[in-house]
Amino acid sequence: MIAGLDVGSRSVELVVVDAAGRVVLARRVPTTFHPLRQVAAVLDGAAPEAIVATGYGRDLVAGAGLDVPVTTLTEIKAHAAGARRLFPGARTVVDVGGQDTKAIRLGEGGRVLRFEMNDRCAAGTGKFLEHLAGVFQIPVEDFGAYALRGARAVPIGSMCTVFAETEAVSLMAGGAPPEDIALGLHAAIAARTAGMVRRVGLEPPVVFTGGVARNPCMVRLLARELGLDPLVPEDPDHCGALGAALEGLARANGAPDARGATAPGAGG
């Protein structure tokens, strides 16, 4: 069995596949400030023959001295492989995770042709939504449904988390309905994400992965921005770990990199 381990800023996902590529185990734990301890917890009892680590913490896992071989894979390649497995016809992947957003254009066979990634700040990511949901005193899991109650999206000028909070508070003080403000925040993220997708070359079908794909308002607004309904996996959080596990299986079977990226900066 081969394990894919996606160590992100907000959560750690594990997917274990058997020799036929079937998923036999999937787990998720919060990353916390002790990621290696959480990695040990999520691996408890799994006993994989090899691990392919992806995400922000992949190098940390690779250097942790685990008692099984550990190799690494970029998040771009991992999400591309996972999306392609779940939706074999996928040509574009949008991943909005806790700390970054990725737009990935796929070619024949799932090969990465182009990608764009914002990983320098939390603007437009799950962390951004989580922070703003806190301003509204709403659990982030309910923020999307809350925003969908808005009648008119209030334009939001800044995607900086701090400035957006200030702007939202000012709008509330000015009497704007909070649901409209929440809708405006979601609309700003959707527009920013759609811009990334268009720059890499929008081609359907589009697969929407990452934890933010669970937000119904984001799914609806991204569909409106792109002019098509994105495909959302049943468990969008595990897409990267699934892709890492499948790449590990491909390597074990003699394929050094079954979904090799050619885009500049895709290495790692």
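Which residue takes a positive phi in the hairpin of strand 2 and strand 3? In this predicted model, the residue is Gly21, with phi near 85°, and the hairpin has five residues between its strands.

## Overall architecture

The protein has nine helices and nine strands. Of its 268 residues, 53% count as buried. Among contacts between residues at least 6 apart in sequence, 64% join residues at least 24 apart.

Strand 2 and strand 3 run antiparallel and are joined by seven bridges.

Asp18 belongs to the loop between strand 2 (11-17) and strand 3 (23-30). Its relative accessibility is 14%, so Asp18 counts as buried, the cut-off for that class being under 20%. Two polar partners of the Asp18 side chain lie in its own part of the chain. A polar atom of this side chain is 2.9 Å from the backbone nitrogen of Ala20, and a polar contact of 2.8 Å joins the side chains of Asp18 and Arg22. Once neighbours within four places in sequence are set aside, Asp18 is in contact with Met1, Val24 and Leu249.

Arg105 has Arg114 of strand 8 as its bridge partner.

Asp95, found in strand 6 (residues 92-96), has a side chain that makes a polar contact with the side chain of Lys102 at 2.5 Å. The side chain of Asp95 also makes a polar contact with that of Thr209, at 3.1 Å. Is Asp95 buried or exposed? Asp95 is buried, because its relative accessible area is 2% and the class requires under 20%. Apart from neighbours within four places in sequence, its contacts are His79, Asp100, Thr101, Lys102, Thr209 and Gly210.

Met117 lies in strand 8. With a relative accessible area of 24%, Met117 is partly exposed. Beyond its neighbours within four places in sequence, Met117 is in contact with Glu75, Ile76, Asp100, Thr101, Lys102 and Met196. Met117 and Met196 are 79 residues apart along the chain, while their C-alpha atoms are separated by 8.1 Å.

| Atom or group | Partner | Distance |
|---|---|---|
| Asp18 side chain | Arg22 side chain | 2.8 Å |
| Asp95 side chain | Lys102 side chain | 2.5 Å |
| Asp95 side chain | Thr209 side chain | 3.1 Å |

The largest pocket holds about 710 Å³ of space. Its lining is made up of 30 residues, and those nearest its centre are Arg28, Gly98, Gly211, Val212 and Asp237. Strand 1 (2-7), strand 2, helix 3 (75-86), helix 4 (126-135) and helix 5 (140-147) each give two or more residues to this lining. By class, the lining has five nonpolar, 13 polar and 12 charged residues.

The second largest pocket has a volume of about 190 Å³. Among the residues that line this pocket are Val15, Val23, Ala26 and Leu86, together with Pro233, Glu234, Asp235, His238, Cys239 and Leu242. Strand 3 and helix 9 (239-252) each supply at least two residues of the lining. Here the classes are seven nonpolar, one polar and two charged residues.

## Backbone features in loops

Pro204 and Pro205 are joined by a cis peptide bond, with omega of about 0°. Pro205 is placed in the loop between helix 7 (178-200) and strand 9 (206-209).

Positive phi also occurs at residues other than glycine. Thr32, which is not a glycine, has a positive phi of about 55°. This residue lies in the loop between strand 3 and helix 1 (35-43), and Thr32 counts as partly exposed at 41% relative accessibility. Ala47 likewise has a positive phi, near 50°, and is found in the loop between helix 1 and strand 4 (50-54). At 62% relative accessibility, Ala47 counts as exposed, because that class begins over 50%.

How values were computed
Residues numbered from 1 in each chain as written. Predicted model: local features only at pLDDT ≥ 70, side-chain atom pairs only at ≥ 80, totals over all residues. Heavy atoms only, no water. Helix = DSSP H or I, 4+ residues; strand = E, 2+ residues; numbered from the N terminus. Buried < 20%, exposed > 50% of the residue type's maximum accessible area, 1.4 Å probe, protein only. Polar contact = N/O pair within 3.5 Å; in protein donor to acceptor, adjacent residues only side chain to side chain. Contact = heavy atoms within 4.5 Å. Pairing = 2+ DSSP bridges. 1 Å grid on protein atoms, 1.4 Å probe; cavity = no way out; pocket = protein on both sides within 12 Å on 5 of 7 lines; lining within 4 Å. Points joined across faces, edges and corners; volume = space filled by probe spheres on them. Nonpolar A, V, L, I, M, F, W, Y, C, P; charged D, E, K, R; others polar.
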